[in-house]
Amino acid sequence: MNFNINHVTISVKSIEKSVEFYKNFGFTEYKDYSDDKVHIKTLKLGNMVLEIFCYKEFEQMPEHAKDLGLDLKTIGTKHFGLGVKSVEEAKEFLLSNGIIEDEIKINKGRLGKSYFFMKDPDGILVEIIEE
């Protein structure tokens, strides 16, 4: 039996803002569903599917999830990462397109890979990591 990652799911306040944000990374719209309680869009990037839920009645993100240092200590799913050949080039691309601010710092991970974190419009952590 072989398994592979099928999708990552996030919940957001504005489906439109989130879709536009993730399109900056090459995601394209894939499927769409809506009823009187929720709007769901799926986006694709290669074989990766990002499933975005937008409930009309939603709960705010807990405070600890807004701080990477606190959030990593809390049990549960933390963030998702987008791989790139060069984090420096990715940072320049994101800066020049107004997606991130200049204060983003590139780090060297414990496993030897360069990376940085950014937040999407709802504060969800996205890691940009060198493959």
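**A charge network and the fold around it**

D32 and K41 join their side chains in a salt bridge, with N and O 3.0 Å apart. A salt bridge here is a side-chain nitrogen of Lys or Arg within 4 Å of a carboxyl oxygen of Asp or Glu. Side chains of opposite charge can pair when their charged atoms come close. The model is predicted, so local features need pLDDT of at least 70 and side-chain atom pairs count only at pLDDT 80 or more, while totals for chains, interfaces and linings use all residues. Residues are numbered from 1 along each chain as its sequence is written, and side-chain values use heavy atoms, with hydrogens and water left out.

Helices (H or I, at least four residues) and strands (E, at least two) are DSSP runs, numbered from the N terminus.

E29 is partly exposed, with a relative accessible area of 41%. D32 is partly exposed too, at 48%. The cut-offs are these: buried means under 20% relative accessible area, exposed means over 50%, and partly exposed lies in between (1.4 Å probe, protein chains only).

Salt bridges that share partners join E20, K23, E29, D32 and K41 into one network. Look next at E20 and K23. E20 forms a salt bridge with K23, and their closest N and O atoms are 3.7 Å apart. Both residues belong to helix α1, residues 15–23, where a spacing of three residues separates them by about one helical turn. E20 is partly exposed, at 48% relative accessibility. K23 is partly exposed as well, with a relative accessible area of 34%. The structure holds four salt bridges in total.

Now step back to the whole chain. It has three helices and eight strands. From the N terminus on, they run β-α-β-β-β-α-β-α-β-β-β. The radius of gyration is 15 Å, close to the 14 Å that the globule rule gives for 131 residues, so the chain is as compact as a globular protein of that length. That radius is taken over C-alpha atoms, and the rule is 2.2 Å times the number of residues to the power 0.38. The C-alpha atoms fill a box of roughly 45 × 40 × 30 Å along the principal axes. Of the 131 residues, 38% are buried.

One of the buried residues is Y22. Y22 lies in helix α1, and its relative accessible area is 0%. Which residue lies 64 positions from Y22 along the chain, with 19 Å between the C-alpha atoms? That residue is S86. S86 is found in the loop between β5, residues 80–84, and α3. S86 is buried, at 18% relative accessibility. S86 and E131 are 45 residues apart in sequence, yet their C-alpha atoms are 8.0 Å apart in space.

Strand β5 itself holds G81. G81 is partly exposed, with a relative accessible area of 40%.

Move on to the loop between α3 and β6. I99 is placed there. I99 is buried, at 18% relative accessibility. I99 and M118 are 19 residues apart along the chain, and their C-alpha atoms are separated by 9.2 Å.

E103 is found in that loop too, between α3 (87–96) and β6 (107–108). E92, E101, D102 and E103 form a negative surface patch. Patch residues have over 30% relative accessible area and no salt bridge; like charges are joined within 9 Å, nonpolar side chains (Val, Leu, Ile, Met, Phe, Trp, Tyr) within 5 Å.

Conventions
Areas by Shrake-Rupley, 256 points an atom, 1.4 Å probe, with all protein chains shown as cover. Lys, Arg positive; Asp, Glu negative; His and termini not counted. Charge placed at Lys NZ, Arg CZ, Asp CG, Glu CD.
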